[in-house]
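Colleague: I would like to learn how to read side-chain and backbone features from a model. Can we go through one together?

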Amino acid sequence: MNTSLKQKITSKLHQPPFLFGFLVVVLLVLKTIVLVNYSFEFTSNDALIYWQGATDYAQGIFHEPYFYGQNYNPMLEALLALPLIKLGVSVELALPIVSSFVGVFPFVFIAFVLFKRHYHYPAYLFLLIPITLATEYDILTSLTRGFTSGIFICSFLIYPLLQPQKKSSFYLLGLICSLGFWFNANSVVFSLPVCLYLFFLNYKSITFYIGTLLAALPTFLLMYFANNFYVVNPSYLTHALGRMDFYLELIVEAFQHLDQFFRYLTPVIWSGNWLVLPVILVIGYLIMRKNWQKGVSIILGVIFILLSLGVHKIHDDIGVLFLSSVRMFLALPLLLGLALFWLNPQPKNSRNWNWIILTLVLFVGIRKITTSSSIVEKHTQTTNFGPIAIKDINELQEGCDELQHIVAKYDVDLVVYIADWKINAAEIGLYNYGCPILEDNAQNTVMNVYERRTWVFEEEKNKVRNNVLLYNAYVPNLDEIQKNMDCKVVQENPTLLLIENNTKTLSELSEIFNFPYKRHTY
């Protein structure tokens with residue numbers, strides 16, 4: 001290499017803005033690769049509810065306060081997608097872009113604030129951590145599922161963290177932590193140590209308690225009224241929040257397979273899985289020797305994580321990436337970043353450390369870039385996981401196009417998707433929720449069980465539609481029914497049964513054709 005060129009590169013590398021900018025670019029490139037390889041290619045039955053929510057919000061329609069059909073998880077990504085949708089970006093592009101942004105924002109934002117305050121190496125570390133995490137972490141934090149909405153909000157805790165004894169920080173602490181908890185309780189993994197630190201510094205100040213509680217009050221009121229909506233309107237509740245019971249034996253059980261909870265969360269050493277926990281504990285101990293408030297906050301944060309393993313909901317895991325217990329601890333890398341920030345590493349030879357950072361980033365970055373496609377392929381070979389189903393968006397579009405052709409041919413007024421042992425609710429829900437959005441001439445659809453769009457379920461229940469198409473129908477006594485009704489099978493596998501000149505409500509049709517029509521099966 002030309003000596004002058006090498007000197008220029010070396011000179012640039014050791015300029016903090018250049019190294020910071022380089023790390024930001026690498027991180028965004030890696031997130032974009034996942035966006036292209038997974039998020040733009042696949043969707044899920046849950047993600048489609050966000051598509052529906054964003055479509056409704058763009059029209060000023062707010063059916064209910066949370067993710068449709070359940071009493072938790074406000075759809076932050078759907079709200080944040082509104083500007084893109086208003087600019088004409090389709091929901092199938094807008095939502096993945098926003099979800100990826102929400103997932104990476106905390107690291108970039110915190111790093112930016114630290115860098116502006118001249119905490120250069122802690123800023124580098126906040127960028128280095130997500131760069132060196134496994135591709136699976138990038139996928140999880142790009143899913144349109146609300147997994148990172150609370151963490152996104154809690155990234156603003158960097159402000160009270162840097163000015164822990166300022167009165168305005170007390171108000172910010174209460175507002176940010178309460179909002180983060182409301183949007184997703186997994187944010188507590190990061191927010192709790194910050195709260196503890198400010199508490200240890202200000203526990204003698206009455207202003208601290210008044211400020212944090214007053215700032216949290218609006219969120220508590222929002223939570224109360226949002227939750228009360230489902231008390232007053234129980235028909236809107238298809239899927240309630242899972243059990244939050246605490247059992248000590250669950251902690252003992254969890255310690256026998258910690259990888260289930262912490263896989264993909266250790267930087268660089270991807271097979272280390274739960275190794276990140278003892279690392280944070282050791283860092284907490286080292287910090288405590290210099291500053292007990294910071295060190296104890298970190299250690300108590302890890303203890304809280306371990307105790308949370310006794311909560312039944314934490315074990316809501318079916319052994320696949322898209323519904324694993326790892327989602328409960330997605331803020332753990334931010335906790336690691338906080339611990340490293342408080343450790344305040346100040347390299348004596350910054351030039352050598354800059355080269356180490358550059359080498360590590362290039363090594364890990366190239367590895368992630370070259371393996372991203374194969375990792376996505378590995379996790380998408382199976383598409384139906386029971387409670388959650390994923391599908392290639394192009395294949396979904398093709399299936400919807402084929403169905404739309406039949407709908408147009410027979411002038412179908414309503415498609416009823418019937419879930420059973422052959423096609424479960426998650427898989428058939430992809431068409432139920434996806435086709436009305438993907439098709440220009442929106443189909444009227446409803447699912448016979450687990451229909452999350454309560455307003456659709458209730459409207460169709462007692463409504464008479466002229467031509468009704470039963471998707472995935474199973475009617476052993478069809479010959480008998482045909483004597484009194486104009487109906488026929490228009491396609492096999494899955495069976496599409498067309499009812500023409502209908503005079504019955506959907507509730508009556510469910511009895512005649514022997515399929516359940518209810519919100520859930522339990």
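Modeller: We will go feature by feature, starting with the rings. Keep in mind that this is a predicted model.

Colleague: How many aromatic pairs does a search of the whole structure find?

Modeller: The search finds 36 aromatic pairs. Take Phe107 and Tyr137, which form an edge-to-face pair. Their centres are 6.5 Å apart, with 75° between the planes.

Colleague: Which helices hold Phe107 and Tyr137?

Modeller: Phe107 lies in helix H6 (residues 91–116), and Tyr137 lies in helix H8 (residues 135–140). The pair therefore ties together parts that are 30 residues apart in sequence.

Colleague: Are Phe107 and Tyr137 buried or exposed?

Modeller: Phe107 is buried, at a relative accessible area of 2%. Tyr137 is buried too, at 3% relative accessibility.

Colleague: Why is the pair of Phe199 and Phe200 called tilted?

Modeller: Look at the plane angle. Planes under 30 degrees apart count as stacked, and over 60 as edge-to-face; the rest are tilted. The planes of Phe199 and Phe200 are at 55°, so this pair is tilted. Their ring centres are 5.8 Å apart. As for accessibility, Phe199 is partly exposed, with a relative accessible area of 32%. Phe200 is buried, with 15%.

Colleague: Which residues are in contact with Gln293, leaving aside its neighbours within four places in sequence?

Modeller: Phe200 comes up again here. Gln293 is in contact with Phe200, and also with Tyr197 and Leu201. Gln293 itself lies in helix H17 (residues 292–308). At 15% relative accessibility, Gln293 is buried.

Colleague: Which residues do ring pairs link into a cluster?

Modeller: The cluster is made of Tyr66, Trp182, Phe183, Phe229, Tyr230 and Tyr236. Arg519 lies over the face of Phe457, at 5.2 Å from the ring centre.

Colleague: Now the cysteines. What is a disulfide?

Modeller: It is a covalent bond between the sulfur atoms of two cysteines. A search of the whole structure finds 1 disulfide. Cys400 and Cys435 form it, with their sulfur atoms 2.1 Å apart. The angle about the S-S bond is -80°, and the link is left-handed.

Colleague: Which helices hold Cys400 and Cys435?

Modeller: Cys400 is in helix H20 (residues 393–409) and Cys435 is in helix H21 (residues 425–438). They are 35 residues apart in sequence, so the pair ties together separate parts of the chain's sequence. Both Cys400 and Cys435 are buried.

Colleague: Let us turn to the backbone. What do most phi values and peptide bonds look like?

Modeller: Most residues other than glycine have a negative phi, and most peptide bonds are trans. Now the cases to check here. The peptide bond from Asn493 to Pro494 is cis, with omega near -5°. Pro494 is in the loop between strand S6 (487–491) and strand S7 (496–499).

Colleague: What is phi of Asn472, and what is phi of Asn501?

Modeller: Phi of Asn472 is near 70°, a positive value in a residue other than glycine. Asn472 lies in the loop between strand S5 (468–471) and helix H23 (478–482). Phi of Asn501 is near 50°, also positive. Asn501 is in the loop between S7 and helix H24 (506–512).

Colleague: Are Asn472 and Asn501 buried or exposed?

Modeller: Asn472 is buried, with a relative accessible area of 3%. Asn501, in contrast, is exposed at 55% relative accessibility.

Colleague: Last topic, the record. Where does UniProt place the feature "transmembrane region"?

Modeller: The unreviewed UniProt entry places it at several spans, including residues 206–225 and 295–312. Compare such an annotation with the model. Residues 206–225 are 100% helix and 0% strand, with end C-alpha atoms 29 Å apart. For residues 295–312, the end C-alpha atoms also lie 29 Å apart. That span is 78% helix and 0% strand.

Terms used
Residues are numbered from 1 along each chain as its sequence is written. This is a predicted model: local features need pLDDT of at least 70, side-chain atom pairs count only at pLDDT 80 or more; totals for chains, interfaces and linings use all residues. Side-chain values use heavy atoms; hydrogens and water are left out. Rings of Phe, Tyr and Trp (its six-membered ring) pair if their centres lie within 6.5 Å; planes under 30 degrees apart count as stacked, over 60 as edge-to-face and the rest as tilted. Helices (H or I, at least four residues) and strands (E, at least two) are DSSP runs, numbered from the N terminus. Buried means under 20% relative accessible area, exposed over 50%, partly exposed in between (1.4 Å probe, protein chains only). A charge sits over a ring if NZ of Lys or CZ of Arg is within 6 Å of the ring centre and within 35 degrees of the ring normal. UniProt positions are given in the numbering used here, feature names are shortened, and annotations may be inferred rather than shown by experiment. A disulfide is a pair of cysteine sulfur atoms within 2.5 Å. Contact means heavy atoms within 4.5 Å.
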